[in-house]
Amino acid sequence: MNNDTAKIKLVIFDWAGTTVDFGSRAPAAAFTGVFADNGITVSDQEAREPMGLNKREHLVAMLSQPAIASRWEEVHGRPWNEQDVDSMYAAFVPIQLEAIQKHAELVPGLLEAVEQLRSQEIQIAGTTGYFKAAAAAVAVKATAAGYTPDANFCADDVPQGRPAPWMIYRAMESLGVFPPSSVVKVGDTVADIQSGLSAGCWSIGVCDSSSLVGLSLSQLNELDADQREAKLANARETIMNAGAHAVIDTIADLPQLLSEFGNSNQRLEASLN
Ligand SMILES: [Mg+2]
């Protein structure tokens, strides 16, 4: 790999839990809500397990968890089926849109990080497991707060959501960026990390705002130092076990990390091989 291909030209950020909605609370709340409406109690952790997938697949992944499947049978007297998924998804959409209105604030440090990246001629894109109306709602709120990626793709724009790489490739194509080794994907879930690896680009996880930690900024700040570190350590471990090339505690750390990438082409080449 020569110096030119190793230069980072594009950073593709996830939305909820990475750039907006610290703790990724909007999707988690919507999933627990739609299950509650069907008589099923699911924990916050159960709702977050498949986070990052497209939202219909997320519903299927939750229903397929043995503990949730057996709760469904207890309440409904039969196993769940595709029609249940259809009706739950139809009910989920408005709940999700409403939750976004409450949880779409920018993650602290994002605007400064984006400004620094753009000053180095790095383009910015967004990808999300949200369906079109949800992705649009988030983007409108982010633009009002000062964050507008140069390209934006959601699960409805591609035949398969994460862990498939298609949203990343759409972003690269629309912004004219290649090869994948000049692209960095940043996200807060295992599915995000896997999509970056599927695309053959750099795959980086962020911890403090993530769905893996699952707390609002004020909830995180209320923890004592040991509890906070334990939460972050758990997120770091999950991200690295998913195969990430690097993990950062907070989005503000990204420009520094990328400048280190740029200074170590050999390490980059070794990692991508
Ligand atoms: Mg996310």
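This is a predicted model: local features need pLDDT of at least 70, side-chain atom pairs count only at pLDDT 80 or more; totals for chains, interfaces and linings use all residues.
## The magnesium site

Let's start with the metal. Three residues hold the magnesium ion: Asp14 and Asp188 each through an OD atom, and Ala16 through its O atom, at 2.1 Å. Along the chain, these donors follow the spacing D-x1-A-x171-D. Asp14 and Ala16 are both buried.

## Helix α2 and its neighbours

Helix α2 is made of 13 residues. From first C-alpha to last it spans 18 Å, close to the 18 Å you'd expect at 1.5 Å a residue. Its buried residues are Ala26, Pro27, Ala28, Ala30, Phe31, Val34 and Phe35, and these pack against α3, α4, α5 and α6. Just past the end of α2 sits Gly39, with a positive phi of about 80 degrees.

Leaving out residues up to four places away in sequence, Phe35 touches Ile40, Val42, Leu59, Met62, Leu63, Ile68 and Met88. Leu59, Met62 and Leu63 are among the buried residues of helix α4, which brings us to the next stop.

## Helix α4, one face at a time

Helix α4 covers residues 55–64, and its buried residues are Lys55, His58, Leu59, Met62 and Leu63. Why do they line one face of the helix? Looking down the axis of α4, you'd see them fall within an arc of 135 degrees, so they share one face. The general rule behind this kind of pattern is that an α-helix has 3.6 residues a turn, so residues three or four places apart point the same way.

What covers those buried residues? The cover includes α2, α3, α5 and α6.

In soluble globular proteins, nonpolar side chains tend to be buried together. Here, the largest nonpolar core has 65 residues, and the ones touching the most other members are Val11, Phe13, Phe35, Tyr147, Ile204, Leu254 and Leu258. Helix α8 (residues 132–144) gives this core its largest share, 6 residues. There's also a second, separate core of 15 residues, with Ala125, Ala151, Phe153 and Leu175 among them.

Is Tyr130 buried or exposed? Its relative accessible area is 2%, so it is buried. Not counting residues up to four places away in sequence, Tyr130 touches Ala16, Ala26, Pro27, Lys55, Gln96, Ile100, Ala135, Val138, Cys154, Ala155 and Asp156. That list includes Ala16, one of the residues coordinating the magnesium ion. The C-alpha atoms of Tyr130 and Val93 are separated by 9.8 Å, although the two residues sit 37 residues apart along the chain.

Next up is Asp84, in helix α6. With a relative accessible area of 8%, Asp84 is buried as well. Beyond residues up to four places away in sequence, Asp84 touches Trp72, Arg78 and Pro79.

Helix α9 runs over residues 166–175, and Met167, Ile168, Ala171, Met172 and Leu175 are buried in it. These residues cover an arc of only 140 degrees around the axis, so they end up on the same side of α9. They pack against β1, β2, β3, β4 and α10. Just after α9, Gly176 has a positive phi of about 70 degrees.

Two cis peptide bonds are found in the loops on either side. One joins Arg162 and Pro163, with omega about 10 degrees, and Pro163 lies in the loop between β3 and α9. Another joins Phe178 and Pro179, with omega about -5 degrees, and Pro179 is in the loop between α9 and β4.

## Positive phi without glycine

Most residues other than glycine have a negative phi, and most peptide bonds are trans. Ser24, in the loop between β1 and α2, has a positive phi near 50 degrees. Glu121, in the loop between α7 and β2, also isn't a glycine but has a positive phi of about 60 degrees.

How do their surroundings compare? Ser24 is buried, with a relative accessible area of 1%, whereas Glu121 counts as exposed at 67%.

Methods
Residues are numbered from 1 along each chain as its sequence is written. Side-chain values use heavy atoms; hydrogens and water are left out. Donors are N, O and S atoms within 2.8 Å of the metal (3.2 Å for Na, K and Ca); water is not among the atoms, so sites may look incomplete. Buried means under 20% relative accessible area, exposed over 50%, partly exposed in between (1.4 Å probe, protein chains only). Helices (H or I, at least four residues) and strands (E, at least two) are DSSP runs, numbered from the N terminus. The arc is that of the directions from the helix axis to the C-beta atoms. Contact means heavy atoms within 4.5 Å. The expected span of a helix is 1.5 Å times one less than its number of residues. A nonpolar core is a set of buried Ala, Val, Leu, Ile, Met, Phe, Trp, Tyr and Cys residues joined through side-chain atoms within 4.5 Å.
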